Amino acid sequence: MKILIIIICILIALILLGWLGFQVKPKSFEPYPENTPELKTVQLPAGLPAPVERFYKTVYGEDIPVIDTVVIKGRAAISPFGIKMPARFIFVHNAGRDYRHYIEATWFGIPIMKVNESYVNGNSHFEIPIIGTFDNDPSTSQAANLAVWAEAAWFPSIWVTDPRVHWEPIDDHTALLFIPYKDQEENFVMRFNPDTGLLDSMEAMRFRDSGDQAKKILWITRSMDGKNIDGTKLSAVGSATWLDQGIPWAVFKLEEVKYNVNVSEYIRQQGK
């Protein structure tokens, strides 16, 4: 009986220790060494659906910044295996074309899982512990292309400055965003807040798994309350949810955003 009690106490202690480790937030990544230069602007184009025009005028006014590259750093809470873990991340973008993700999940601030993902020149690479490594899998490539455009919620000028993108109206608070994918198009349902005019959510059918048996699942990204980005009204907090899971698998909090810096090498490397 005493042995059983000792074993139970050890198990409880290990569970508590594990839980405590996931309460410690990781340190932020070092700032990117370059600063955002003065951004060029273009006039807000005419003919946009009413909620889209209201959104851009609320965020930027009439002058829309031209954004070519972006470096985003911050911290997150992710649940890749049903366990909520603190994390820190680096997202690098050639706006509307390429991206790289580096994510570290941590325990007591120590990296215990590292994720490297990229979609550069149409080539996808996913390297995720336990799940595996995939290169140019058709399903993960489709998912990666959607991420290129969904993460532009943190630099949405690309949705009107890129000539490959177009909008179609649905109603007073909803529009369709059409984005390129290879020689085709895909679309997001864009839902805008009726009170603020800001973007509430984006919805698209996206592959979560790889392989021939993979099926598309409704993927929902949301802008959440939080600190704004660089004086705009864009939220620095966003989440991603699969419809069949019902709750966010990731919540990202931006701590640093640099626009139009040189990422020619940075977007191709792995890790920090």
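Which residue caps the N-terminal end of α3? That's D137, with a side-chain oxygen 3.0 Å from the backbone nitrogen of S139. Keep in mind that this is a predicted model, where local features need pLDDT of at least 70, side-chain atom pairs count only at pLDDT 80 or more, and totals for chains, interfaces and linings use all residues. Residues are numbered from 1 along each chain as its sequence is written, and side-chain values use heavy atoms, with hydrogens and water left out.

**Helix α3**

- α3 covers residues 138–150; helices here are DSSP runs of H or I with at least four residues, strands are runs of E with at least two, and both are numbered from the N terminus.
- Its end C-alpha atoms sit 19 Å apart, which agrees with the 18 Å that 13 residues should span at 1.5 Å a residue (the expected span is 1.5 Å times one less than the number of residues).
- Twelve of the 13 residues in α3 are buried, so the helix is mostly covered (buried is under 20% relative accessible area, exposed is over 50%, and partly exposed is in between, using a 1.4 Å probe and protein chains only).
- Among the buried ones are S139, L146, V148 and W149.

**N145 and its neighbours**

- N145 belongs to α3 and is buried at 6% relative accessible area.
- Leaving out residues up to four places away in sequence, N145 touches Y119, I179, P180, Y181 and E186 (contact means heavy atoms within 4.5 Å).

**Salt bridges**

- Side chains of opposite charge can pair when their charged atoms come close.
- The count comes to nine salt bridges, each being a side-chain nitrogen of Lys or Arg within 4 Å of a carboxyl oxygen of Asp or Glu.
- E186, one of the residues N145 touches, forms a salt bridge with K216, the closest N and O atoms being 3.6 Å apart.
- E186 lies in strand β11 (residues 184–192) and K216 in strand β13 (residues 216–228), so this pair ties together parts 30 residues apart in sequence.
- E186 is buried at 13%, while K216 is partly exposed at 38%.
- R164 pairs with D162 in a salt bridge, with the closest N and O atoms 2.7 Å apart; R164 is partly exposed at 30%, whereas D162 is buried at 7%.
- E256 and K258 form a salt bridge too, with 3.0 Å between the closest N and O atoms; E256 is buried at 12%, and K258 is buried with a relative accessible area of 12%.
- E53, K57 and E62 are linked in a salt-bridge network.

Conventions: A polar contact is a pair of N or O atoms within 3.5 Å; within protein, one must be able to donate a hydrogen and the other to accept it, and residues adjacent in sequence count only if both atoms are side-chain atoms.
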